[in-house]
Amino acid sequence: MKKLVFVILSVAVLCSCGTGKNVDVSKAILGDWEIVEAGGTAVESGFDKATISFDGKGGVHGNTSINYFFGEYSLKGDGIKFGNIGLTKMLGPTPDVEKAVVDGLNTGVKVKFEDNDNAVVLSKDGTEVLKLKRTELKEEENVGTPVESAGEPVAADQPAAVAE
């Protein structure tokens with residue numbers, strides 16, 4: 001009986017080892033994400049699709065549902081820090097969604113991956129401030145964002161980002 005209990009406990013211990021995910025956040029975060037929730041509010045009601053994209057050089061850009069944003073991010077383990085965030089200044093019908101996205105950028109300090117295609121950005125107190133779903137943006141959805149055209153001439157066949 002003791003051997004049986006020992007075997008069962010040993011199997012349980014071995015099975016529990018390695019079940020936690022070790023995610024390399026610096027690689028997993030790269031690419032294009034749809035912001036599906038910000039500050040506990042679903043952003044599907046936004047004027048435009050809320051998005052965020054991370055490049056491998058510390059640059060971040062996206063759409064708050066009304067305005068484009070751009071800036072920097074840095075990672076340390078699963079910690080994230082956004083900095084030098086700039087926004088275009090257009091008016092739109094969903095300022096509550098935009099405010100929730102911007103607040104998420106300002107208060108997010110940690111990234112947690114639920115799986116390869118779903119992540120959350122958490123505030124210092126552990127509250128989910130941004131819920132992300134991986135997406136591949138179509139080229140026409142991303143043309144003319146401030147980050148892509150900043151400091152580089154825009155080709156004649158591409159529209160420039162213009163704030164009206």
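Of the 26 residues in the largest nonpolar core, the ones that touch the most other members are Ile35, Ile52, Phe54, Phe82, Phe113 and Leu130. A nonpolar core here is a set of buried Ala, Val, Leu, Ile, Met, Phe, Trp, Tyr and Cys residues joined through side-chain atoms within 4.5 Å. Helix 3 gives the most to this core, with 4 residues.

This is a predicted model, in which local features need pLDDT of at least 70 and side-chain atom pairs count only at pLDDT 80 or more, while totals for chains, interfaces and linings use all residues. Residues are numbered from 1 along each chain as its sequence is written, and side-chain values use heavy atoms, with hydrogens and water left out.

**The chain as a whole**

- The secondary structure comes to 5 helices and 9 strands; helices (H or I, at least four residues) and strands (E, at least two) are DSSP runs, numbered from the N terminus.
- Buried residues make up 34% of the 164 residues in the chain. Buried means under 20% relative accessible area, exposed means over 50%, and partly exposed is in between (1.4 Å probe, protein chains only).
- Take the contacts (heavy atoms within 4.5 Å) between residues at least 6 apart in sequence: 46% of them join residues at least 24 apart.

**Helix 3, a helix with a buried face**

- Helix 3 covers residues 95-107, which is 13 residues, and reaches 18 Å from its first C-alpha to its last, close to the 18 Å expected at 1.5 Å a residue. The expected span is 1.5 Å times one less than the number of residues.
- Its buried residues are Val97, Glu98, Ala100, Val101, Gly104 and Leu105. Seen down the helix axis, these buried residues fall within an arc of 160 degrees, so they line one face of helix 3. The arc is that of the directions from the helix axis to the C-beta atoms.
- On the other side of helix 3, Pro95, Asp96, Lys99 and Asn106 are exposed.
- What covers the buried residues of helix 3 includes strand 1 (31-38), strand 3 (51-54), strand 5 (68-76), strand 6 (79-87) and strand 9 (128-134).

**Aromatic rings that meet**

- Rings of Phe, Tyr and Trp (its six-membered ring) pair if their centres lie within 6.5 Å; planes under 30 degrees apart count as stacked, over 60 as edge-to-face and the rest as tilted. By this rule the count comes to 3 aromatic pairs.
- Phenylalanine 54 and tyrosine 73 form an edge-to-face pair, 5.0 Å centre to centre with 85 degrees between the planes. This pair links distant parts of the chain, since phenylalanine 54 is in strand 3 and tyrosine 73 is in strand 5, 19 residues apart.
- Phenylalanine 54 is buried at 4% relative accessible area, and tyrosine 73 is buried at 9%.
- Phenylalanine 54 also forms a tilted pair with phenylalanine 82, at 6.3 Å centre to centre and 40 degrees between the planes. Phenylalanine 54 lies in strand 3 and phenylalanine 82 in strand 6, so the pair ties together parts that are 28 residues apart in sequence.
- Together, Phe54, Tyr73 and Phe82 form one aromatic cluster.
- Leaving aside neighbours within four places in sequence, phenylalanine 82 is in contact with Ile52, Phe54, Val60, Glu72, Tyr73, Leu105 and Gly108.

**Glutamate 72 and its partner**

- Glutamate 72 sits in strand 5 and is partly exposed, at 41% relative accessibility.
- Its side chain makes a polar contact with the side chain of asparagine 84 (3.0 Å). A polar contact is a pair of N or O atoms within 3.5 Å; within protein, one must be able to donate a hydrogen and the other to accept it, and residues adjacent in sequence count only if both atoms are side-chain atoms.
- Glutamate 72 and asparagine 84 are 12 residues apart in sequence and 6.1 Å apart in space, C-alpha to C-alpha.

- Asparagine 63 is in strand 4 (residues 59-63) and is buried, at 5% relative accessibility. A polar contact of 3.4 Å joins its side chain to that of aspartate 48, and the asparagine 63 side chain reaches the backbone nitrogen of serine 65 at 2.6 Å.
- Valine 111 is in strand 7 (residues 110-115) and is buried, at 3% relative accessibility. The C-alpha atoms of valine 111 and valine 25 are separated by 7.6 Å, although these residues are 86 apart along the chain.
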